[in-house]
Amino acid sequence: MLGEFIQHALMAQPKWVRRMGYGREMVALEARHGRCREAWRPHLDASRRLIGRAAASAPRTGRAVVLGSGPLLDIPLEDLAARFDRVELVDIVHPRSTRRRVRKLANVDLVEADVSGAAFDIYGLAITAEPAEKRPPPPIGLRGQSCAVIHKTITETAALGAALTTLPEPKPDDGLVAGADFVVSANLMSQLALLPLDWVASECPWADETAQLGFARQVVDHHLALLRRAAEAGTRVTLITEVLRLVSDANDRPLEKIDPLFGAQIFSVGEEWWWEVAPMGERWPDAAAKLRVLGIADLAAAPQSRVCRNTTLAAP
Ligand SMILES: C[S@@+](CC[C@H](N)C(=O)[O-])C[C@H]1O[C@@H](n2cnc3c(N)ncnc32)[C@H](O)[C@@H]1O
């Protein structure tokens, strides 16, 4: 526990990223991997194999971009560095283990960026957020200021109108993948909305459940759209994402099925496998959670299916 606290304290991250909990989650992810190493191994092996095969068959070998690189558990980094001229690892925060591994590879760069295109805007909705470019400080932070400053701030705040109580539309940055020869979204898509949703739940009391779920769905849809645009522009795009979360009891009877993509559908067909993400005792004493993972090596070439995944308990 103390080790995790120190790891988090030493992690390089902007204040807003730290406050939203991204560094804390990264430390927790590495700790969970330490505890569940054997249970996670088949999933991580399957992810690495799929990425390795997709990279080996990519027609061009200039620049590869990994979205959601994190601690690189599922990334065959050394193989990518050998195959491509340059490799960019994109995550909102990178742990020390990744920095150490990258140091040995001259053609690998770390990029710290928000892939969702929504996290910083969501952060700014909190009245406790520090002022930023287009966002004046809230009046509560103006004690001791002159009347002119208070008046200006109130006027600017009022001019924001409904934007102050509307969840923003995600604007993911296509520039992160523009012109890349190979892009992999690595067990990231279902994670993009989670910490923003936690932040909204604690900081934006005006946002009801419908608004929150609508926002989460948009985050997933926008990420898929970014990948599809890249694929249409000729980039080889690989997608690995969970598509179903299943909680079961000690007799392997399903207790709960959760849609981790908030209703977004991926109609492309790929390989599927289970990730035993929380074996019995990891999260609950008498229940376990596993994730159905979909891996699509080449998004542009993947066959299409008309079947929607059913997340109701009654479905097989
Ligand atoms: C389930 S982890 C997978 C990490 C990595 N692929 C691995 O398996 O080692 C999800 C990753 O998504 C990253 N992430 C979550 N939200 C993000 C965002 N808005 N922008 C960039 N990365 C994000 C997390 O920091 C984390 O590294």
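Colleague: At what angle do helix 1 and helix 3 pack?
Modeller: Helix 1 (residues 2–10) and helix 3 pack at about 140°, and their axes lie 9 Å apart. Helices here are DSSP runs of H or I with at least four residues, numbered from the N terminus. Axes are lines fitted to C-alpha atoms over the stretch in contact, and angles run from 0 to 180 degrees between N-to-C directions. This is a predicted model: local features need pLDDT of at least 70, side-chain atom pairs count only at pLDDT 80 or more, and totals for chains, interfaces and linings use all residues. Residues are numbered from 1 along each chain as its sequence is written.

Colleague: So what do we call helix 1 and helix 3 relative to each other?
Modeller: They are oblique to each other. Under 35 degrees counts as roughly parallel, over 145 as roughly antiparallel, 65 to 115 as roughly perpendicular, and the rest as oblique.

Colleague: Which residues meet there?
Modeller: From helix 1, E4, Q7 and H8 meet G23, R24, V27 and A31 of helix 3. Contact needs C-beta atoms, placed from the backbone, within 7 Å.

Colleague: New topic. How many residues surround the ligand?
Modeller: 21, and the closest are G70, L73, I92, V115 and A186. A residue counts as near if its C-beta atom, placed from the backbone, lies within 6 Å.

Colleague: Which helix gives the largest share of that shell?
Modeller: Helix 3 (residues 22–35), with three residues.

Colleague: And the domains, where do they run?
Modeller: Domain 1 covers 2–125 + 167–296, and domain 2 covers 126–166. The bounds come from an automatic or database domain assignment. Their C-alpha centres lie 34 Å apart.

Colleague: How many residues of each are in contact?
Modeller: Eight of domain 1 with seven of domain 2. On the domain 1 side, helix 7 (119–124) and helix 9 (194–203) each give two or more residues.

Definitions and conventions: Contact = placed C-beta atoms within 7 Å.
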